[in-house]
Amino acid sequence: MARARVDDTASIRLPDPLPPGDYAWRIRSVDASAKPGPFGDCLAFTVRPLAEVTAIDTAAANDTRDVTFRWQAGQPGQRYRFQMSRTPDFRKTDVDMLVDQAEVTLPRLRSGTWYLRAQTIDVDGFEGPFPAPQQVDVPCRWCRIGAGAGALLILLAL
């Protein structure tokens, strides 16, 4: 049982986060002469595990059509924020979406380097941390077409 003493404030922060599980809390007042009052009603709450998105499947990034990124799903009811940026610091995001499933589908990506990340958002609105961004390099589609056409012209010239 954790006990906390609060002096002249209306809030308390535990020194360490609670592990996932079911909990209950109650409170009582203490008057100026240090006489405690009765405890209030007990209130129950649950701390749910909040999975961090550690890996996003980027295999589809080279597709020439729609691209779907997927990651490990968390608990039922949790949502996700998916972001993509051209820079690893995410000062400017090119994609910033809230999704209900552990995946997002985007139209064909422009070539170049992209950074992506996703965070878990619990049913009560608590937002987990963003992990380190992942980097994906999307090749130039026209370069591939041009290289193929160039090879064909060389073969025809022989």
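Reader: Which residue in E7 is the bridge partner of Thr68?

Author: Happy to start there, and please keep in mind that this is a predicted model. Strand E4 covers residues 67–71 and pairs with E7 in the antiparallel sense over 4 bridges. In E7, the partner of Thr68 is Thr105.

Reader: What is the order of the open sheet of 3 strands?

Author: The edge strands are E3 (56–57) and E7 (103–106), each pairing on one side only. The pairing in this sheet is antiparallel, and the order is E3-E4-E7.

Reader: How many residues apart in sequence are the parts that Arg70 and Glu103 tie together?

Author: Good one to look up in the structure! Arg70 forms a salt bridge with Glu103, with 3.1 Å between the closest N and O atoms. Arg70 lies in strand E4 and Glu103 in strand E7, so this pair joins parts of the chain whose separation in sequence is 33 residues.

Reader: Which residue in E6 is the bridge partner of Gln83?

Author: Here we move to another open sheet, with 4 strands in the order E6-E5-E8-E9. Strand E5 (residues 79–85) and E6 pair in the antiparallel sense over 5 bridges. In E6, Gln83 has as its bridge partner Asp96.

Reader: Is Arg91 buried or exposed?

Author: Arg91 forms a salt bridge with Asp89, the closest N and O atoms being 3.4 Å apart. Asp89 has 40% relative accessibility and counts as partly exposed. A residue is called exposed when its relative accessible area is over 50%. Arg91 has a value of 76%, so Arg91 is exposed.

Conventions
Residues numbered from 1 in each chain as written. Predicted model: local features only at pLDDT ≥ 70, side-chain atom pairs only at ≥ 80, totals over all residues. Heavy atoms only, no water. Pairing = 2+ DSSP bridges. Helix = DSSP H or I, 4+ residues; strand = E, 2+ residues; numbered from the N terminus. Salt bridge = Lys/Arg side-chain N within 4 Å of Asp/Glu carboxyl O. Buried < 20%, exposed > 50% of the residue type's maximum accessible area, 1.4 Å probe, protein only.
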